Amino acid sequence: MSLTFSLSGQVGPCRLQAQAQLAANGVTVLFGPSGSGKSTLLRMLAGLQDCDGEIRFGDQLWQTDDATLPPWQRPLGMMFQEPTLFRHLSVRGNLDYVVKRRGAAGDLDSVVSQTRIEGLLGRSVQTLSGGEAQRVALARALLAGPELLLLDEPLSALDHGHKQELLKMISDIARQVPVIYVTHDLDELLTLSRQVWLMEQGRIVARGKAHEELARLDGPLAQRGDATALLYGELGDYDNRDHLQAVTVAQQTFWLPAAQPVAGEQPVRLRIAARDVSLCRQAPQDSSILNIHPVQVAALREVGPGQAVVQLALGDQRLLARISSRSARELEVFPGTRLYAQVKAVALG
Amino acid sequence: MMLSDGDWLALWVGVKLAVVTTLILLLVCTPLAWWLARRRLPGQALLEALLALPLVLPPSVLGFYLLIGLGPNGPGGWLAQWGGVRSLAFSFTGLVIGSLVYSLPFVLQPLKSAFAAIETRQLDMAAVSGARPMDRFFSLVIPQARHGYASAVILGIAHTLGEFGVVLMIGGSLAGETRVASVALYEHVEAGDYASAHRLAAVLLVASVLMLWALFRWQRKQQSTGVMP
């Protein structure tokens with residue numbers, strides 16, 4: 001199923017104008033600062049917000065100039081920032097509400113176990129913790145039998161542990177159902193996304209693969225203080241004595257601390273924050289840093305007073321380094337310069 | 001309680017009036033309250049002021065206009081002729097019409113507050129869960145507004161039962177037709193029959209206390225079980 005839309009609308013003082021195409025499964029993160037129109041766009045896609053334009057989903061027309069398919073007829077599942085459970089119903093009642101109207105009753109048991117809410121079914125929704133309530137909300141969204149999931153900052157009110165648990169669930173679900181996920185949290189973008197749409201002031205200013213948008217120096221992501229590069233690699237050997245896992249990226253071996261051998265799907269993703277990367281002219285000897293790799297400068301950009309971010313080529317992948325402007329000048333960092341990148345911290349996932 | 005047959009009849013007429021009035025008001029006020037609570041339209045403040053007027057207007061003023069309006073020469077007269085009678089004044093139907101006007105704000109206001117308190121997000125979520133507007137109204141709005149409905153029912157009945165000025169103007173105290181308990185009580189006092197007046201007053205007092213007690217008790221119980229705030 002593919003989603004194609006071209007929409008415009010006025011919401012309060014803000015004008016929103018957006019067009020994009022979404023294909024196949026996986027998570028597409030709609031990323032941007034607060035007030036950039038992300039939630040409004042999602043509400044327009046759901047039919048909850050009036051707007052002009054066209055929305056096409058597969059062979060269904062959700063909106064045209066002269067007709068609109070109401071939200072209750074769009075094959076959607078949705079989550080809001082707040083769990084928004086029906087407060088007059090129990091947990092079970094909330095699930096039944098959707099099953100009765102969308103009729104996906106066969107899935108009830110599998111959805112309940114997938115979202116780990118078996119123990120909550122008899123509870124009143126008022127007694128649930130934030131994490132429990134969002135798991136119930138996720139289950140309810142899945143029970144609609146959605147062909148598209150619209151998730152509007154569903155984890156912003158949760159603590160780290162619950163966030164990770166739900167992010168994992170959402171990643172798994174996205175293998176079967178396309179997900180549009182609104183957030184302004186870079187960590188969620190890094191965890192979830194293959195595709196990202198960047199939104200600013202009511203417009204989608206960039207669309208593309210997450211790792212490319214993250215590394216683009218003229219985009220907003222690389223200019224952030226917490227700018228991070230995503231690299232793809234293959235799992236290598238595990239060093240039992242030092243508890244280090246090898247990951248090969250563009251024929252270079254990165255060593256990651258790991259209590260036991262890492263197993264999982266290939267390729268694995270490595271996150272490397274720009275501020276954890278420093279640059280040297282010569283390969284440093286006797287350094288405590290494990291990951292030192294030859295790189296070539298691809299681009300450089302000043303990102304603030306005295307600060308620069310450098311895009312580095314590692315094979316066909318891109319690494320970022322945030323350094324001072326003085327270092328950039330003294331090291332003579334220009335496109336094409338060959339340097340060594342010292343990577344202080346690498347995270348998997 | 002040793003009430004006379006006439007007093008029992010007056011109580012019965014009053015209860016019948018209160019129940020009929022409240023039922024009609026619930027049907028009328030549900031869409032009206034929804035519209036007032038969830039929409040913003042020009043002229044709304046004036047309309048709300050007119051609908052709240054019975055709260056502040058002396059009942060006799062209301063009764064006077066109703067008497068004119070329901071009489072043979074008023075708009076109620078045409079309605080009456082259509083129904084085959086001369087006038088709606090001094091009839092049970094006339095009393096119902098008067099009570100509808102008089103008790104309307106007592107049913108409208110609790111419903112309006114209850115509807116205004118329902119979060120738009122809840123309705124949006126119901127919509128994307130597959131519920132059409134009417135379905136949403138019955139499956140979400142009414143259950144979440146049940147406090148408001150309980151208050152509306154109790155206040156509507158209690159207020160109509162306690163009606164006096166309007167009934168006196170347009171009712172005419174016909175036994176079995178328009179003589180309600182409050183008017184019967186007044187007539188006992190006029191006639192110096194304080195014993196009967198005491199008994200009837202006590203019945204009305206106890207009934208009112210019981211109704212309000214039931215309402216507040218129910219509301220407290222709802223809060224403590226946490227089903228709904």
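Guide: One remark must precede the rest: this is a predicted model. We may begin with chain B and then turn to chain A.

Visitor: What makes chain B a chain of helices and not of strands?

Guide: Helices and strands are taken from DSSP runs, a helix needing at least four residues and a strand at least two. By that criterion chain B has 11 helices and zero strands, and its elements run α-α-α-α-α-α-α-α-α-α-α from the N terminus. The C-alpha trace of chain B spans about 65 × 45 × 30 Å along its principal axes.

Visitor: Where does α1(B) bend?

Guide: The bend is the angle between axes fitted to the seven residues ending at a position and the seven starting there. At B:C29 this angle is about 35°, and the proline B:P31 follows within four residues.

Visitor: What can be said of α5(B), its span and its kink?

Guide: Helix α5(B), residues 92–116, has 25 residues and reaches 35 Å, close to the expected 36 Å. A kink of about 50° is found at B:S103, shortly before the proline B:P105.

Visitor: Why is α5(B) called largely enclosed by the rest of the structure?

Guide: A residue is buried if 20 or more other C-beta atoms lie within 10 Å of its own. In α5(B), 19 of the 25 residues are buried, so the helix is largely enclosed. For chain B as a whole, 36% of the 229 residues count as buried.

Visitor: Which contacts in chain B join residues at least 24 apart?

Guide: Among contacts between residues at least 6 apart in sequence, 74% are of that kind.

Visitor: How is chain A divided, and what joins its parts?

Guide: Chain A has domain 1 (3–215) and domain 2 (228–348), with centres 34 Å apart over C-alpha atoms. Six residues from domain 1 and seven residues from domain 2 take part in the contact. On the domain 1 side, α6 (186–192) and α7 (210–215) of chain A each give two or more residues, and α7(A) gives the most, with four residues.

Visitor: How do the residues on that side of domain 1 divide into nonpolar, polar and charged?

Guide: Five are nonpolar, one is polar and none is charged.

Methods
Residues are numbered from 1 along each chain as its sequence is written. Chains are lettered from A and ligands numbered from 1 in the order in which they are written. This is a predicted model: local features need pLDDT of at least 70, side-chain atom pairs count only at pLDDT 80 or more; totals for chains, interfaces and linings use all residues. The expected span of a helix is 1.5 Å times one less than its number of residues. A residue is buried if 20 or more other C-beta atoms lie within 10 Å of its own, exposed if 12 or fewer, and partly exposed in between; C-beta atoms are placed from the backbone. Two residues are in contact if their C-beta atoms, placed from the backbone, lie within 7 Å. Domain bounds come from an automatic or database domain assignment. Ala, Val, Leu, Ile, Met, Phe, Trp, Tyr, Cys and Pro count as nonpolar, Asp, Glu, Lys and Arg as charged, and the others, Gly among them, as polar.
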